[in-house]
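Have a look at the sequence and the model below. The notes that follow walk through a helix, the nonpolar cores and a sheet.

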Amino acid sequence: MKRNTPLITLLVGAALGVILLVATMLATPSSALPASYSAATASPAPSSPAPAESSEAPEQSAEPSESSAATPGQSSTAPAAAPSPAPTRTTPTRADFAGRVGGGGGSVAVAVHGDKAIAYVCNGSTVEGWMRGKVENGKLTLTGKNKAKLTASIHTGTVTGDVEAHGTDYSFSVSTVSKSSSKSSGLYQATAVVQGKTIKAGWIVQDDDTQIGSLEIDESGRTAVTAPKLDVATMTARIGNVVLHAVPVSGVTGSGF
Amino acid sequence: MTAPPTQPWPVPRERTTSTAAKLIVPSLIGALVALALGIYGRVHSPTGVAINIAGFSSPGTVKSWLATGATVFAIVQVGSALVMYGKIPRVTAPEWIGGLHKWSGRIAFLLAVPVAIHCLYALGFQQYDTRVLIHSVVGCLFFGAFTVKMLILPKRGLPGWVLPVAGAVVFTLLVVIWLTSAYWFFSTFGIKR
């Protein structure tokens, strides 16, 4: 029997793992997920086919033919944001855009709310920047900390332009995000105070549910690290003893403006 | 444990089973363990939350300290193994070194299990950046490699290099796991409980 002690070690470890897994599953029933934020971009809990979120902004005009199709029966896997939407007004008053930058090294999201806009660009690591600014005649001119700037123009559901953050230049052309209530694509931010420093996280969630996020480790915004994963079901992310509560930055709903 | 291939003539089993034959079944089981963990982590949709352990401020700190503990015991493993193999000059292996090696290994393993369960259940197998991808892959490989080491330990007649190599692989994987998790966590958010 002495020879089998390594096997016993393995089995004890496996048993411990199973016990912990079962205990964890019992302690976190799927129905106990906290209510998500009421904004249109918040996703419902995965276990329940939630009723349609009713807070879609009536002023939405970027993709009139698509937005009316945002019903609860819509498949959650269908890529909803068509890259070539029907011609419409060239200057939507309220719309959210997101996509990957040229070269794919990062993502950019632009939220347009009337004549104001907020944008975020990040590479999921050290390069990122928040920008704010004005929309005039379909032209966006946004600036942020550490010389971050974005210049772009809006044409038929697409924002095309250049963005620079932390000394890195990207060109981009991104489309409106899906407005299906079953999707959580869009821009999210969260701030918290950790060890006396105000940290700010930003996440860009694409229509295919991939996400990318960076975290500014203090108010200066000079240094960023990879953000913890945003759980879009609970709209939370965890770092250490801090639970970050993400809120959407949406031009459609005006959240974050 | 291994069923040797049927021999055309009767011979003592221990002598004729080749090194490869002794290693193949443990290696396959270890590969299956690693694969199973990876598939579970990929398929199970991560919850983001899990039960916490008393005395710590958050799952992140619990995991970081447990992983650090496991790594410290793993360093004891390497040290005690070097002594047992007589690789430390002017140090003769004391009687208790075997016990130290066994128990430090058991404790390290048992410390690592809750961390892995939390990773798999709450976070899943992820690949959204290089650190996370490396951590996900190596985390699965570690438990596979540990399984292999435990299964080949009782086998007799293995070449002398097998156990040191297996131990070195397990140790290296654990250190990579620690560097891509607890070290990153502490260096990003500060050392705290």
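In this predicted model, the buried residues of helix α2 of chain B are Lys22(B), Leu23(B), Pro26(B), Gly30(B), Val33(B), Ala34(B), Leu37(B) and Gly41(B). They pack against two helices of chain B, α4 (97-123) and α5 (130-152). How far apart should the ends of α2(B) be? At 1.5 Å a residue, its 25 residues (19-43) should span 36 Å, and the end C-alpha atoms are 36 Å apart, so the two agree.

Nonpolar side chains tend to be buried together in soluble globular proteins. Here the largest nonpolar core has 54 residues, and the members touching the most others are Val108(A), Ala109(A), Val110(A) and Ala119(A). Strand β3 of chain A (residues 116-122) gives this core its largest share, six residues. Apart from it there's another core, of 45 residues, including Leu10(A), Val113(B), Leu120(B) and Leu151(B).

Leaving aside residues up to four places away in sequence, Ala109(A) touches Phe97(A), Ala98(A), Ala119(A), Tyr120(A), Gly186(A), Leu187(A) and Ile204(A).

Chain A also has an open, antiparallel sheet of five strands, ordered β12-β11-β10-β9-β15. Its edge strands each pair on one side only:

| Edge strand | Residues |
|---|---|
| β12 (chain A) | 224-226 |
| β15 (chain A) | 247-249 |

From one strand to the next, the twist averages 30 degrees. Within chain A, β10 (residues 197-205) and β11 (residues 211-216) run antiparallel and are joined by six bridges; Lys200(A) has Glu216(A) as its bridge partner in β11(A).

A word on confidence: chain A has a mean pLDDT of 76, with 73% of its residues at 70 or more. Over residues 30-91 of chain A the pLDDT is below 50, though this stretch has 112 contacts in the model beyond near neighbours in sequence.

Technical notes. Residues are numbered from 1 along each chain as its sequence is written. Chains are lettered from A and ligands numbered from 1 in the order in which they are written. This is a predicted model: local features need pLDDT of at least 70, side-chain atom pairs count only at pLDDT 80 or more; totals for chains, interfaces and linings use all residues. A nonpolar core is a set of buried Ala, Val, Leu, Ile, Met, Phe, Trp, Tyr and Cys residues joined through C-beta atoms within 7 Å. A residue is buried if 20 or more other C-beta atoms lie within 10 Å of its own, exposed if 12 or fewer, and partly exposed in between; C-beta atoms are placed from the backbone. Helices (H or I, at least four residues) and strands (E, at least two) are DSSP runs, numbered from the N terminus. Two residues are in contact if their C-beta atoms, placed from the backbone, lie within 7 Å. The expected span of a helix is 1.5 Å times one less than its number of residues. pLDDT is the predictor's confidence in each residue, from 0 to 100. Two strands pair if DSSP finds at least two bridges between them. Axes are lines fitted to C-alpha atoms, for helices over the stretch in contact, and angles run from 0 to 180 degrees between N-to-C directions.
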